[in-house]
Structures are given as C-alpha cells and as structure tokens.
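Let's take a walk through this one together. Have a look at the fold before reading on.

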Amino acid sequence: ARFEDKLQAVYPRYSVIKAMSQGLHGAVGKQMLKPVLASFDDNQLIGFDMERLDDGRVVLYVPGAPDAWSGSVLLVAAERVHPLAIDPTDLAKALQGLGFGIAGLMREAATKSQPRIEA
C-alpha cells in the first residue's frame, strides 16, 4: 500500500490506470469509478464520483473528450450529483467517441432507474 501511495505521488495517473486495468473495479469488486450526472443551473456534466469530503461534498472528475486523461476535478455539493446506472467502460468509450453513444447510455440508465410497476 505504501509503495502504491508513493507511486501515485510520482505518477498521478496510476490510480486511474489501475482502476481501468481492473475493469474499473477494485480488487474486491468495489466499483472505483462511479458514473454520475452533476446538475449546474441549466446544464449537466457527466463525470465520476471519486470520493466524498468530510463536509459531504463530492470530488467529481469530469473527463475530457476524446482524451479522458485530461479533464477537471470539481468539488460539488452532494445534492447536485446523481448516480448513473451506466457501465464505466461504456461511458469511457462514448467519451472517446466525442459523446457519440451517450444518448443510448442515458436511455439505458433511465430505464434502469424507473421503478417497475407490476399489475
């Protein structure tokens, strides 16, 4: 663990590369990169919930397109961030395609989040 901490200090992309090499999941199956939709005034950003601060804010990574390695880190109030039922790998592919495929992913996420009504 200490070696990985030092490696991450020298090479910040290490944790993202490690997560991607493990299928965006940690060694124990915990999803590392959690896709989210963050709302700001009249627009929304797709990003990844990286961690939570002690005051409840979300550390949000908003990847660039087509280069997901280049992006922004934002601190966002938790009430502005909503989880997306999207596979992180599929989202990364759509971002590399300049957003092509996002519409299908969002439709899929909407159907997953709709409550099932049984008659």
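Which residues have the most contacts inside the largest nonpolar core? In this predicted model, they are Ile 46, Phe 48, Leu 84, Ile 86, Leu 91 and Ile 102, and the core holds 13 residues in total. Strand 2 (43-52), helix 3 (88-96) and helix 4 (102-113) are the elements that each hand two or more residues to this core.

Now zoom out to the layout. The protein chain has four helices and five strands, and reading from the N terminus the order is α-α-β-β-β-β-β-α-α. Of its 119 residues, 29% are buried. Take the contacts between residues at least 6 apart in sequence, and 33% of them join residues at least 24 apart. As for the surface, the chain exposes about 8200 Å², with carbon and sulfur atoms supplying 56% of that area.

Back to strand 2 for one last stop, Asp 49. Is its side buried or exposed? With a relative accessible area of 6%, Asp 49 counts as buried, because that value falls under the 20% cut-off.

Terms used:
Residues numbered from 1 in each chain as written. Predicted model: local features only at pLDDT ≥ 70, side-chain atom pairs only at ≥ 80, totals over all residues. Heavy atoms only, no water. Core = buried A, V, L, I, M, F, W, Y, C linked by side-chain atoms within 4.5 Å. Buried < 20%, exposed > 50% of the residue type's maximum accessible area, 1.4 Å probe, protein only. Contact = heavy atoms within 4.5 Å. Areas by Shrake-Rupley, 256 points an atom, 1.4 Å probe, with all protein chains shown as cover.
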